Amino acid sequence: MLVARDKDRLDELALDLTNKYRVNCEVIVADLATEAGAQHVAKRCADDSKPITVLVNNAGFGIKTSFEKTPIAQEEAMLNVLVRAPMLLTHAALPVMRKRGRGHLVHIGSVAAWITSGTYSAAKAWLTTFSESLSVALAGTGITSTVVAPGFVRTEFQQRAGMKPQDVPNWMWLSARLVAQQAWQDVLAGKTVSVPSLQYKVLSTLTRGLPRPLIRRVSKDVMR
């Protein structure tokens, strides 16, 4: 089941996956920033006649401007995509997984969850704690919950958010394929937190272990 806003690109991806892997692809056109879009997808996730075994909360949303300069409607839309939608879809899919006694919940977080980089960091921190809490609550049920915390990944995310990829050192960039492969290995292994790539494993260990005043100071310097 593929969910996004662009029907043409979804149809193209569905056809490509069907031809390559001989799988049936269901396309749902929805904007998870809206109530109608989120509820539409949630209704499908709750359908036990077509059960979902793996739910990947992967929709992204980035804002370039500071909190005080960003229209509040845009901030609310980001929270809808990064916080409310994963909560709603997970809540809808869980009873179906419970009934079958198996399933995987995959939440795409970020290493930004462990620094203080505006409301994006705050949203990813919520998602990280949410996923970890589910991992504890679902232990022994056959259902796993994994939060994937990558760094900079070469996708359209930065372009859509109006960011400049050239401002980021080359060594900090990851390929989407690498992130997906390592994340899926960790999901199957039942890991609660997945940090793809060695460089981000090191960075995330440091950010989680350093004193918070130091993290705030470093984050402030990075955001200038």
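Glu26 is partly exposed, with a relative accessible area of 27%; here buried means under 20% relative accessible area, exposed over 50%, and partly exposed in between (1.4 Å probe, protein chains only). The model is a predicted one, in which local features need pLDDT of at least 70 and side-chain atom pairs count only at pLDDT 80 or more, while totals for chains, interfaces and linings use all residues. Residues are numbered from 1 along each chain as its sequence is written, and side-chain values use heavy atoms, with hydrogens and water left out.

The side chain of Glu26 meets that of Arg44 in a salt bridge (3.0 Å, N to O), a term that requires a side-chain nitrogen of Lys or Arg within 4 Å of a carboxyl oxygen of Asp or Glu. This pair links distant parts of the chain, 18 residues apart: Glu26 lies in the loop between H1 and S2, and Arg44 in helix H2 (residues 35–45). Helices (H or I, at least four residues) and strands (E, at least two) are DSSP runs, numbered from the N terminus. Arg44 counts as buried, at 12% relative accessibility.

The structure holds six salt bridges. Another of them joins Glu35 to Arg84, with the closest N and O atoms 2.9 Å apart. This pair also links distant parts of the chain, since Glu35 belongs to helix H2 and Arg84 to helix H3, 49 residues apart. Both partners are partly exposed, Glu35 with a relative accessible area of 43% and Arg84 with 30%. Lys20 counts as exposed at 55% relative accessibility, whereas Asp16 counts as partly exposed at 32%.

Arg22 is found in the loop between helix H1 (7–21) and strand S2 (27–29). Its phi is near 55 degrees, a positive value in a residue other than glycine. Most residues other than glycine have a negative phi. Arg22 is exposed, with a relative accessible area of 68%.

The description now turns to the sheet. Four strands form an open sheet in the order S3-S4-S5-S8, and the pairing is parallel; two strands pair if DSSP finds at least two bridges between them. The edge strands, each pairing on one side only, are strand S3 (54–57) and strand S8 (193–194). S3 and S4 are joined in the parallel sense over four bridges. Along this pairing, Leu55 has Leu105 as its bridge partner in S4, and Val54 stands opposite His104 in S4. The chain crosses from S3 through H3 to S4 in a right-handed β-α-β crossover; right-handed means that, with the strands pointing away from the viewer, the path from the first strand over the helix to the second runs clockwise.

On its other pairing, S4 is joined to S5 in the parallel sense over six bridges, and the bridge partner of His104 in S5 is Thr144. S4, helix H4 (residues 118–137) and S5 make a right-handed β-α-β unit.

S4 is mostly covered, with six of its six residues buried. The burial extends to both faces: Gly103, Leu105 and His107 lie on one side, and His104, Val106 and Ile108 on the other. Val106, found in strand S4 (residues 103–108), is buried with a relative accessible area of 5%. Leaving aside its neighbours within four places in sequence, Val106 is in contact (heavy atoms within 4.5 Å) with Val54, Leu55, Val56, Asn57, Thr146, Val148 and Val187. Val106 and Val193 are 87 residues apart in sequence and 9.9 Å apart in space, C-alpha to C-alpha.

Rings of Phe, Tyr and Trp (its six-membered ring) pair if their centres lie within 6.5 Å; planes under 30 degrees apart count as stacked, over 60 as edge-to-face and the rest as tilted. The structure holds one aromatic pair. The rings of Trp126 and Phe130 have their centres 4.8 Å apart and their planes at 20 degrees, so the pair is stacked. Trp126 counts as partly exposed at 30% relative accessibility, whereas Phe130 counts as buried at 17%.
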